[in-house]
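Please read these notes beside the model, with the sequence at hand. They are meant for a colleague who is meeting this structure for the first time.

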Amino acid sequence: MKRKREEENRNDMEIVWQTPANPPEKQDYIIRDGRRHVRPYHFEFISHVKNRWAGKTIVDLFAEEFKGRPYEYYVSAVKCGRIQVDGEMVPVSYIVKSSQKISHFVHRHEPPVMALDVSILQNDPDVVTVCKPATVPVHPCGQYRKNTIVGILQAEHSLAPLFPVHRLDRLVSGLLILARNSVKADLFRQEIEAGMVQKQYIAKVIGIFPEDEQLVDININYNAREGRSMAEVGDSCRDSPTKGKAACTKFTRISTNGTHSIVLCKPITGRTHQIRVHLQYTGHPIANDFLYLSDHATTRSVEGMSADRAARISSYCLASQYNYDKCEENSTEDFDVDPMCTNCPNLAPKGYDVYEEGLWLHCVRYSGPGWVYDCPYPDWASLS
């Protein structure tokens, strides 16, 4: 469903406001310099006033809770009706009440991802498996909506609806299983929760990994604020509020060239960043994992930058900025600039590393009762 509103700023152009009901289409994407961009579009964000927001002015609420734009932008957005309460324009001094509907009409710029094909490995009546490229999130989250596996499959292959059966972090590549219906998705999830599903990944790590199988049974404590997990030495047979959560991974060396090793990883549990943290614990972290190559946590930016992105930019600050600036040159030819947008005239949103690369961590197999799905090895898995 599309909502049309007259442009209330400098232009007389008619704007089509999209909502989550608008499916991604092929023409929404721009491939440039090895990256898949989404042509910026006008979008209506809808939220409801939380109890802790109630009593604040509409401008203060946005300035305090959504720090990605300056205070002055929110003042202008309220004045011209791009921020509304219960479908109505309000003054900048308006005090919000609990449960009210807030609409924010924005010119949405999605972060770019690597422009690799989302190759379909198997397409059955109730299951689709694909090889997920690194840097592409599985489903809409944060600033990503169309630049996701679910969005790309819908735009390029008319596959919808899809129900992701398991998680793969955005920077991780490899096998992704998607059910074609909710009933099949529930069956998969029941098997996963019952411990009936085995997972296998491969990683490219620093150094000569031990030849014998390594079992790492070390608790993991995830710090959501910093977006980073830590291994904690202690009894991991039971969860403890002071010792994180029990986590166990088996590692087997596949090959080594003396500088790097390819390691088969079999997580027994499924904690956040488990393989990455356990490999760091062994002294052989993933070779391009900037977040876990150091024992020191990387602080996120106030704009909500991910810990991985912040770690990479801090390691390659100058090169990243050069590449970002280079990519943004002459970028407005493919879309209309919105005079109120705080990201225009750039194609990518501010604060994103356009040339971000994926981790050398790849899901190769999921297996359960009577079924097995595999994914080919990536190019980096060859150490010749």
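1. Basis of the notes. This is a predicted model, in which local features need pLDDT of at least 70 and side-chain atom pairs count only at pLDDT 80 or more, while totals for chains, interfaces and linings use all residues. Residues are numbered from 1 along each chain as its sequence is written, and side-chain values use heavy atoms, with hydrogens and water left out.

2. Overall make-up. The protein has seven helices and 20 strands, where helices (H or I, at least four residues) and strands (E, at least two) are DSSP runs numbered from the N terminus. Buried residues make up 50% of the 384 residues; buried means under 20% relative accessible area, exposed over 50%, and partly exposed in between, with a 1.4 Å probe and protein chains only. Among contacts (heavy atoms within 4.5 Å) between residues at least 6 apart in sequence, 66% join residues at least 24 apart.

3. Helix H1. In H1, which spans residues 58–65, the buried residues are Ile58, Val59, Leu61, Phe62 and Ala63. They pack against helix H2 (71–79) and against strands E6 (83–85) and E7 (101–108).

4. Helix H3. Within H3 (residues 149–157), Ile149, Val150, Gly151, Ile152, Leu153 and Ala155 are buried, and the strands that the buried residues of H3 pack against include E3 (29–32), E9 (119–123) and E12 (173–179). Just after H3, Ser158 takes a positive phi of about 55 degrees.

5. Nonpolar cores. A nonpolar core is a set of buried Ala, Val, Leu, Ile, Met, Phe, Trp, Tyr and Cys residues joined through side-chain atoms within 4.5 Å. The largest one has 73 residues, and those with the most contacts inside it are Ile58, Ile177, Tyr201 and Leu279. Why does this core lie between domain 1 and domain 2? Domain 1 (41–108) and domain 2 (113–297 + 357–381) both give residues to this core, so it lies between them; the domain bounds come from an automatic or database domain assignment. A second, separate core of seven residues includes Ile202, Leu264, Val364 and Leu383.

6. Second largest pocket. A pocket is, on a 1 Å grid over the protein atoms alone, an open set of points with protein on both sides within 12 Å along at least five of seven lines, whereas a cavity is a set where a 1.4 Å probe fits but cannot get out; lining residues have an atom within 4 Å of a point. The second largest pocket has a volume of about 770 Å³, a volume being the space filled by probe spheres set on the grid points, which are joined across faces, edges and corners. Of the 26 residues that line this pocket, the closest to its centre are Lys199, Tyr201, Thr269, Gly270 and Tyr366.

7. Largest cavity. The count comes to one cavity of 30 Å³ or more, and the largest cavity holds about 30 Å³ of space. Its lining is formed by Arg69, Tyr73, Arg82, Val106, His107, Met340, Cys341 and Thr342.

8. Ser99. Is Ser99 buried or exposed? Ser99, in the loop between E6 and E7, is exposed, with a relative accessible area of 54%. Not counting residues up to four places away in sequence, Ser99 touches His48 and Val49, and the C-alpha atoms of Ser99 and Ser47, 52 residues apart along the chain, are separated by 9.0 Å.
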